[in-house]
Amino acid sequence: MFEHKYADVNNIRLHYVTAGKGKLIMFLHGFPEFWYEWKNQLAELGRDCQAVAPDMRGYNLSSKPTDVEQYRIKYLIEDVRALAEHLGHKKLILVAHDWGGAVAWVFAMRHPEYLEKLIIINAPHPIIFVRELRDNPAQRRASQYILVHRTPEAEDILSKNDYTVLVSSLLSDGLKEGYFTEEDKKAYIEAWSQPGALTGGLNYYRATYLGSFTGQSEDDLSADSSLLTLAVPTLVLWGEKDKWLLTGNLEGLEKYVPNLSIKRISDCSHWVIHEKPGLVNSYIREFIEG
């Protein structure tokens, strides 16, 4: 049912998984995941769309440029555009989580003509995240991990004892509660163990500064809001128990996203996609068919 393919685009090779035919719906994963994050969505949406989930650059089986500069947002959004065109589509629906969501927000600002609809899952609009980091001490505390991920020691910290930190962060609750299996754990460890993959994922953190998402300097975060506004119909799903990205990131979002729907999921965390895949799928389908 799933086909594994490669696309040579934007001076790199992207591995992607595709299911089904029809209009394009592309899924962008976050850290520390890979295409596999979306396996339940590929199965569901692939019934009547072409559902595609790439390994983003730096991850798993995709190219892993060694230069940190190659992980700046301008390259990441171009990967998305180039992959859509490689697949023969000038219009797509974009679904994205975490770092994939950061890329998707900027893609929607820069390339609205490509987007039919946008679905964001637990990923803050960049200018609102900047505001929360500036004004909300709880969000600053919750974001301390970003500083760790930017250090030279990050690979050693995260890979130690067979990726204990990553397993604990992403998989442990699910292994206890049954929404992750030992097979899933094996797949993740295999992806993290690809040569250069952990560094590739961490380079997203190293390549960015908070103003870079908006195209503004760090000294000028009072950017022209019209540059940060998107007209595309947008659904935001948010697991409210996210301990890294707090719900303050939803406040004032309508200023930048006039055509906005928000679904708060009170009993789920940052990993809502895994915790309640059926609910996530139903919200996605309802939105794209509406």
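Contact here means heavy atoms within 4.5 Å. The model is predicted. Its mean pLDDT over the chain is 94, and 94% of the residues reach 70 or more.

**Confidence**

- The pLDDT is below 50 over residues 211-223.
- Beyond near neighbours in sequence, that stretch has 25 contacts in the model.
- Where pLDDT is low, the predicted coordinates should not be read in detail.

**Helix 8 and its partner, helix 7**

- The buried residues of helix 8 are D184, A187, Y188, I189, A191 and W192.
- Helix 7 covers residues 154-177, and helix 8 covers residues 182-192.
- Their axes come within 11 Å and cross at roughly 150°.
- Angles over 145 degrees count as roughly antiparallel, so helix 7 and helix 8 are roughly antiparallel to each other.
- The crossing of helix 7 past helix 8 is right-handed.
- Helix 7 brings D162, Y163, L166, V167, L170, L171 and L175 to the contact.
- Helix 8 brings E182, K185, Y188, I189 and W192.
- By class, the residues of this contact are 9 nonpolar, no polar and 3 charged.

**Helix 2 against helix 3**

- Helix 2 spans residues 73-86, and helix 3 spans residues 99-110.
- The two pack at an angle of about 75°, with their axes 9 Å apart.
- Angles of 65 to 115 degrees count as roughly perpendicular, so helix 2 and helix 3 are roughly perpendicular to each other.
- On the helix 2 side, the contact is made by I73, L76, I77, V80 and R81.
- On the helix 3 side, A102, V103, V106, F107 and R110 take part.
- This contact of helix 2 with helix 3 has 8 nonpolar, no polar and 2 charged residues.

- Q41 is found in helix 1.
- With a relative accessible area of 0%, Q41 is buried.
- Leaving out residues up to four places away in sequence, Q41 touches F27, G46, I273, P277, V280, N281 and I284.
- I284 sits in helix 11, which runs over residues 277-289.
- I284 is buried, and its relative accessible area is 0%.
- Neighbours within four places in sequence aside, I284 is in contact with I25, F27, Q41, L45, V95 and I119.
- I284 and L237 are 47 residues apart along the chain, and their C-alpha atoms are separated by 9.2 Å.

**E33 in a loop**

- E33 lies in the loop between strand 3 (24-28) and helix 1.
- Its relative accessibility is 1%, so E33 counts as buried.
- Not counting residues up to four places away in sequence, E33 touches Y59, H97, L170, Y188, W271 and H274.
- Two of these also belong to the contact of helix 7 with helix 8: L170 on helix 7 and Y188 on helix 8.
- Y188 is also among the buried residues of helix 8.
- E33 and Y59 are 26 residues apart in sequence.
- In space, C-alpha to C-alpha, E33 and Y59 are 8.1 Å apart.

Methods. Residues numbered from 1 in each chain as written. Predicted model: local features only at pLDDT ≥ 70, side-chain atom pairs only at ≥ 80, totals over all residues. Heavy atoms only, no water. Axes fitted to C-alpha atoms, helices over the stretch in contact; angles between N-to-C directions. Helix = DSSP H or I, 4+ residues; strand = E, 2+ residues; numbered from the N terminus. Parallel < 35°, antiparallel > 145°, perpendicular 65-115°, else oblique. Left-handed = near helix turned anticlockwise from the far one by under 90°. Nonpolar A, V, L, I, M, F, W, Y, C, P; charged D, E, K, R; others polar. pLDDT = per-residue confidence, 0-100. Buried < 20%, exposed > 50% of the residue type's maximum accessible area, 1.4 Å probe, protein only.
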